[in-house]
Amino acid sequence: MPAVSRAILATSADRGYYARPVKESRLRDIPARGTLKVPVILPPPFPAIETKPPGTLARRAEPLIDVSPSHPAVLAPTEASIGPVSLVHLTTGRESPAITLEPVPEPAPLAETSSEADLHGLLNEVAPARLSHYIDVLRLAGVWADRWTSPDLHGQLQQAMKRPVDTVICSTLDFDAALPLQQAVARENAAELVAGVGVLARATKAKRAIVVIDAAAGGSFPRRIERTASKTGVRVVRVLNDYPQPNPTLLLYVLTKRQLRPGRLPSEAGAIVLDAAAAVAAGGCLLHGEPALATPVGIADMRGTATPKKRRAHLLRVPIGMPVIDVLQEAGLNPGEFELRGGSPLRDVRLSAEDCVVSTGGEIALYLVAPQPQPNPDPCIRCAWCVSGCPVHINPAGILQAAQMQDPEAADGYGIESCIECGICTYVCPSNLPLLGGVRALRAAH
Amino acid sequence: MTPVASATPRPAPPSHILVHAGGTVQRYYAQHFQGAIFPLAAGMLLYGWRVGLVVGVVVGTAVVATILWRGIGRRGRDLTLAHAAWTALLLALALPAHLGTFNGIASVHAVLWIAISAGFLLGIVLWVLRGPAGTALHPVVVTYLLLVPFFHDLLVPQNVLQRDHLFIGDVLDAPGTFVPLGTSPWWFTREKIYGHDAVRAETASETLLNYTLGRREMSARGIILLPGLLRDRLPPLEDLVVAGNPGPIGTSSVIFVIVGGLFLLYRGVIDYRIPVLIVASAFIALLILPIPVSLTEIGARWSWLPMHDPSVGRAVAVTFANYEMAASPGLFMALFLATSPTVRPITRRGRTVFAIAVGILTAAMQLYVSVSWGPYAALLLIGLLTPVVDWLFKPRPLA
């Protein structure tokens, strides 16, 4: 992050975004209680979905519907009776049809981790010519990812079959130390992480397989990853984690100096990028045959007022399809008044806790923030903090001006194509201008 | 450029807002205010209580004018009181302290009316230039340069308090005679003049300008060489750097101006490139641009790169440049005016080019137009090119 943003954030450290790091680092399993709504990942317009008759009992990991070969399988996360199809929102804000499930009273327990001996054996068996096989294995296990830190994994692998990929990058970087979810997932599932990265690298014939860890990460985490990755061909690289470093565009640039337009898949730049949660899901499937029935979810409750101590982070492993409101209750969070934001709170992806469900590939870092007032913006004073703070070196104030004049060409001149929607511009703007909103409005209109 | 700002007061945001860094426009200008405290304090020390009167009148009238003009049209809604107060303070720092007098107030010729007019004129200029939302023209520079043609002689300061009357003395209580030119030692250790709070002295800026324009007093005989100018016709450099030579309220003491600028740098509200490059390029330009190395009865002998002239030498040339920098409001302009968001370009490369251009033009304007307002004119002219600089030096996106 440019120096001006650090300076601004340093003076606002008490305001909570960079809250104190939490000591809790183990994921807590949440059982599948209450109604689940398992999303069916399809592009709009959604076709009619034919499920089994309502009331039919589905066993754990049983496919609920037939999907095409280009979409991930829809699996029952627990033994449950099938209900109707409804529309829900994923934690990325995207709408999706979902199959309602009512779990039976005593659901089956979740799977456990494996040893390293299997890891080397698995990696030795990988055949580079069988990438399509591994894509199918992952797809049928319900493994997918399509979030800000891990772009469409399935799409990347499909593209890797047609164009060469020489690097696989797995990021364990978190948005901030207050919610170390990726790090916790990587630490608890180091073997699966390395397995996922290693298999994908061998299957795509990538010359480099990299696991990125935070240069400031302490404790046993770095050594654990390095020890697990030793002799597997997977390199561990330390990167200074200043927000929004976990974004693929920035990560790819830092590691390989390649430029990637936001919205494009990293495979277009010759790399596969995925985060720790996606790599662990892939590795768990390839190593143990484990389908993706639960996903790690981190919830940071940032509503504390005066002291950072009142803020809490919850690291959970949640069954697919569980409504976020139920996750909050299971986590013991006092609902009160809050705004739910998917991913980094700076990105301002607002979600409805009642309407949103957890999925394997959606945003897994959720933030509860206090209801944000809408201050009247002041005129732009040309302080250029947005320009100085922008990690991709565009002119957000110019883009907002272009948005107000409905001038996409001018916005192109100011670099709208390169905007990764990190939200730093809006965060630092002293005039409270809706800079990120301007970018999104213009992109939506054109 | 921005959504319409409301004229109604805004409630303070709750303390638990998280998804914002906490910076506001008011806080931004408040930090600038804090930096200006240092030159203001120097002014109050050197020129006494009349400084408070000048600053109060200018800021007060500017605020009143802003309040009035805020209700006028779309431009009025862009004005903010914090920005108006900040620019009014800068304008007051550029004015002399002797305007702070009620003498002859009933008459339109009273000098206090200049301060009152300056405040109102600033309010109008802010409205025309859209206040903080403006681009390219600094309202303080525009206002000051509008005053110069009408009141130039009245804006030339002549008095400074003696060291035992600092802050509380009356700067207008000075003898009728000037302190001799070339007086040494410097102001702080000089002998006191009893019976008066202040002393009267010719400003170094006027002396320097007369020399660089090749003017000779008719009473002068013989040759005036550049070393002789520095030795015999200018006050000690300490008078300009620390205190002692009459000047505008906020620009007389280079040290205090620098301290104020360093404070702004520390707070991160100004870009270091601009003042550093302005000063550096102005200094180098002063060493290169042609100046008279001697004045004789038949005319001036000009020389480019005067340090290579046998009668000058490196030390004298550097000293001359030091005098030029210290006698002008160049440092004040570089630290407090050129760093303003309304005039400086957005990108770092643009600011670099902007600062170098301002520095070079400042040197030229000081040497050939005016030492006392040349830097302001340079900023005005180069500021007009800021939109072009912004267009030429757009940020280069990463992807």
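Reader: How many salt bridges does a search of the whole structure find over all chains?

Author: This is a predicted model, where local features need pLDDT of at least 70, side-chain atom pairs count only at pLDDT 80 or more, and totals for chains, interfaces and linings use all residues. Residues are numbered from 1 along each chain as its sequence is written, chains are lettered from A and ligands numbered from 1 in the order in which they are written, and side-chain values use heavy atoms, with hydrogens and water left out. A salt bridge is a side-chain nitrogen of Lys or Arg within 4 Å of a carboxyl oxygen of Asp or Glu. Over all chains, the search finds 26.

Reader: Which element gives the most to the side of chain B that touches chain A?

Author: Contact means heavy atoms within 4.5 Å. The contact takes 43 residues from chain B and 54 residues from chain A. On the chain B side, α1 (25-47) and α16 (386-392) give two or more residues. With five residues, the element that gives the most is α1(B).

Reader: What is the order of the open sheet of four strands in chain A?

Author: Two strands pair if DSSP finds at least two bridges between them. The pairing here is parallel. The edge strands, each pairing on one side only, are β8 (234-239) and β9 (271-275) of chain A. The order is β8-β7-β6-β9.

Reader: What is the bridge partner of A:Thr167 in β9(A)?

Author: Strand β6 (residues 167-171) of chain A pairs with β9(A) in the parallel sense, over five bridges. In β9(A), the partner of A:Thr167 is A:Ala271.

Reader: Which helix packs on this sheet?

Author: The helix touches β6 and β9 of chain A. Its direction makes about 95 degrees with that of β9(A); axes are lines fitted to C-alpha atoms, for helices over the stretch in contact, and angles run from 0 to 180 degrees between N-to-C directions. It spans residues 276-288 of chain A and is α9.
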